[in-house]
Amino acid sequence: MNTFDQLSFKRLVIVAYRLPFKLVKNGEEKTAVQNAGGLVSAILSLSEKMNSNAETAAKILWVGTGEKELGEENINPHFDLFPVEIPEVMNEKYYGGFCNDTIWPLFHYFPSITTYDNEYFDAYKQSNQLFFQKLKDIILPGDFIWVHDYQLFLLPSLIRNAFSGIAINIGFFLHIPFPSSEIFRMLPNNWREAILKGLLGADLIGFHTNDYSQHFLKSVKRTLGLEIQQNYIHFQNRIIKSGAFPIGIDYDKFHDACSSSEVINENDKLKKILLGRKLIFSVDRLDYSKGLLNRLKAYERFLEKYPKWIENAIFNMVVIPSRDTIDRYIELKKEIEAT
C-alpha cells in the first residue's frame, strides 16, 4: 500500500534547502532545468505516482531557495514553487558554513575537519527563520508539511509553536547519517539542544537506517533527558515517532528504460568501444565522504597486483561537480584530477 493512502491531507508542502528547478540562461532566454540530487529525483517520481492515482492526488507546494522568477512561472504542473531569499553573506555562513563545514563533516564522522563558529550557528538560526517566514503565509489546516534534511533542523519546532492550534501534520526526513551520541555530543550543548528540540516539533522523524534512528533517540535521551519508549518520544504533551524509512528508486522507470531504443543504441556503441574489455563504472557527487581518491588508488593497486588486466579493463569514474565554491571541494577536485 502507498504510504500516502494512510494519510488524509489536502495539500503536501515540501520544504527543502533548494527548489527542484533552477533557471539557466541561454542567450536572452531562461530555461528551467531540474536540479541534481537524489531528493529532487525521488520527490519528482513520488509526485508523478501520486498524481496518477485519484485517491492519492494532492496539491504539492515546494518551498526552498531559488530564483524569484521560479515562483512566478508554471514550471511543472505537479508543483507550486515558493522561493526563499537568503542574503548572500548570510547564506555563506549558513549553507557554506554551518551546514557544510560543521554538520556535514561531523555527521559523516570527520570530526577533525569540523568547524565550530558561533556566527555560523547564528546564520543557521536566522536562515531557518526565513524559511518559516515564507511558510507561515502558505500553511493551511489539513496540510501535510514534509521538511527535508540537515539544513532545516530547527524548522519543525518553529512551525509547531506557531500553529499549535491548527490541525497540521509535520514530518522530517534526514538524508544523511545521524551520528552516534558520542559524536553528536561534540557539538556545543546549546547547539545540540536547539537541533534536537527543533526536530521534536515534527510528528514523525525519519532516517535511512534503524541505526541512525537509534543514535537520534539515544542523543535525545542523553541531551534532553526525555522519556522514550521503543521508538516513541514523549515531549510537551505530544508523542513523536522516530523510525527508519529507507528510500528506494523508481524501479519501473529504470526497468523500462533498459528496453528503450535510446539505451539499446548507446549499449551497442559502448560494446564497440570496449572491444571485449571489462568496464568498471562509478558515478557520485564530488564529496570527500565518497572515497573518490581511494577508488583511484584501489584501481591502481588492482592493476599492479593483476597486470593481466592492464589494457583489458577500463575504469570510468564519473564525478558530478558539487559545492564548487567551497574551498575543501575545490581542493578535492584538484587532488582527483592530479591522481
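F184 has a relative accessible area of 0% and is therefore buried, a term that denotes under 20% relative accessible area, with exposed meaning over 50% and partly exposed the range in between (1.4 Å probe, protein chains only). The model is predicted, so that local features need pLDDT of at least 70 and side-chain atom pairs count only at pLDDT 80 or more, whereas totals for chains, interfaces and linings use all residues. Residues are numbered from 1 along each chain as its sequence is written, and side-chain values use heavy atoms, with hydrogens and water left out.

F178, at 0% relative accessibility, is likewise counted as buried. Rings of Phe, Tyr and Trp (its six-membered ring) are taken to pair if their centres lie within 6.5 Å, and planes under 30 degrees apart count as stacked, over 60 as edge-to-face and the rest as tilted; by this rule there are 25 aromatic pairs. The ring centres of F178 and F184 are 5.1 Å apart and their planes lie at 40°, so this pair is tilted. The pair of Y299 and F302, by contrast, is stacked, with 6.3 Å from centre to centre and 25° between the planes. These two residues lie in helix α10, three residues apart, about one turn of the helix; Y299 is buried at a relative accessible area of 19%, while F302 is partly exposed at 26%. One aromatic cluster is formed by Y17, Y94, Y95, F98, Y116, F121, Y124 and W191.

Helices (H or I, at least four residues) and strands (E, at least two) are DSSP runs numbered from the N terminus. Helix α3 (residues 118–136) has 19 residues and reaches 27 Å from its first C-alpha to its last, close to the 27 Å expected when 1.5 Å is multiplied by one less than the number of residues. The buried residues of α3 include F121, Y124 and F131.

T65, in strand β4 (residues 59–65), is buried, with a relative accessible area of 14%. Beyond its neighbours within four places in sequence, T65 is in contact (heavy atoms within 4.5 Å) with A16, Y17, R18, L19, V84, I86 and F131.

Strands β12 (residues 278–285) and β13 (residues 313–320) run parallel and are joined by eight bridges, where pairing requires at least two bridges found by DSSP. R285 has I320 as its bridge partner in β13.
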